[in-house]
Amino acid sequence: LRRWTLNLAYELMEEFPMMDRSAAFRQSHVVRRLLEALGKGIVEFEYLKVNGEWRTAVGTLSEELIPPQDMPSERNLPKQRNNPLVFCYYDLERRGWRSFRAQQVRTD
């Protein structure tokens, strides 16, 4: 996980040159902890939408909590999986897959 966190921090600094090293590492730790929590159960978090407003989401990545009909197949993977700064999660309120960008998420 250290290597993953380090790689994400460098991806953030490369994509956003105005983000300093300290901020990139803090944000990569936020994302890592969020993804770990999503994998274990239900999590409430916020992310910045494309239109500039903050959205509170309730989601998961736990297979036990995602309805079987909504589980992705190899042909039907959630979008944006090929971007290292975009992460998908299952939105329990909207009953569908959503995504957030690593630099635009907070968990406080």
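**Salt bridges and a buried serine**

Trainee: Which residue forms a salt bridge with Glu15?

Mentor: A salt bridge needs a side-chain nitrogen of Lys or Arg within 4 Å of a carboxyl oxygen of Asp or Glu. For Glu15, the closest N and O atoms of the pair are 3.2 Å apart. The partner is Arg101.

Trainee: How many residues apart in sequence are the parts that this pair ties together?

Mentor: Helices (H or I, at least four residues) and strands (E, at least two) are DSSP runs, numbered from the N terminus. Glu15 lies in helix α1 (residues 2-15) and Arg101 in strand β4 (residues 96-101), so the separation between the parts is 86 residues.
The model is predicted: local features need pLDDT of at least 70, side-chain atom pairs count only at pLDDT 80 or more, and totals for chains, interfaces and linings use all residues. Residues are numbered from 1 along each chain as its sequence is written, and side-chain values use heavy atoms, with hydrogens and water left out.

Trainee: Is Glu15 buried or exposed, or in between?

Mentor: Buried means under 20% relative accessible area, exposed over 50%, and partly exposed in between (1.4 Å probe, protein chains only). Glu15 has 45% relative accessibility. Arg101 has 25% and counts as partly exposed. Glu15 is likewise classed as partly exposed.

Trainee: Which helix holds both Glu36 and Arg32?

Mentor: Their side chains meet in a salt bridge, 3.2 Å from N to O. The two residues are four apart, about one turn of the helix. Both lie in helix α2 (residues 21-40).

Trainee: Which class does Arg32 fall into?

Mentor: Glu36 is partly exposed, at 30% relative accessible area. Arg32 has 17% relative accessibility. Arg32 therefore counts as buried.

Trainee: What is the distance between the closest N and O atoms of Glu46 and Arg106?

Mentor: Glu46 is partly exposed at 23%. Arg106 is partly exposed at 31%. Glu46 and Arg106 form a salt bridge, and the closest N and O atoms are apart by 2.7 Å.

Trainee: Why does that pair tie together separate parts of the sequence?

Mentor: Glu46 and Arg106 form a salt bridge. Glu46 lies in strand β1 (residues 43-48) and Arg106 in strand β5 (residues 105-106), so the parts tied together are apart in sequence by 60 residues.

Trainee: What is Ser62 in contact with, leaving aside neighbours within four places in sequence?

Mentor: Ser62 is found in the loop between β2 (54-60) and β3 (86-91). Ser62 is buried, with a relative accessible area of 5%. Contact means heavy atoms within 4.5 Å. With those neighbours left aside, Ser62 is in contact with Leu38, Gly39, Lys40 and Gly41.
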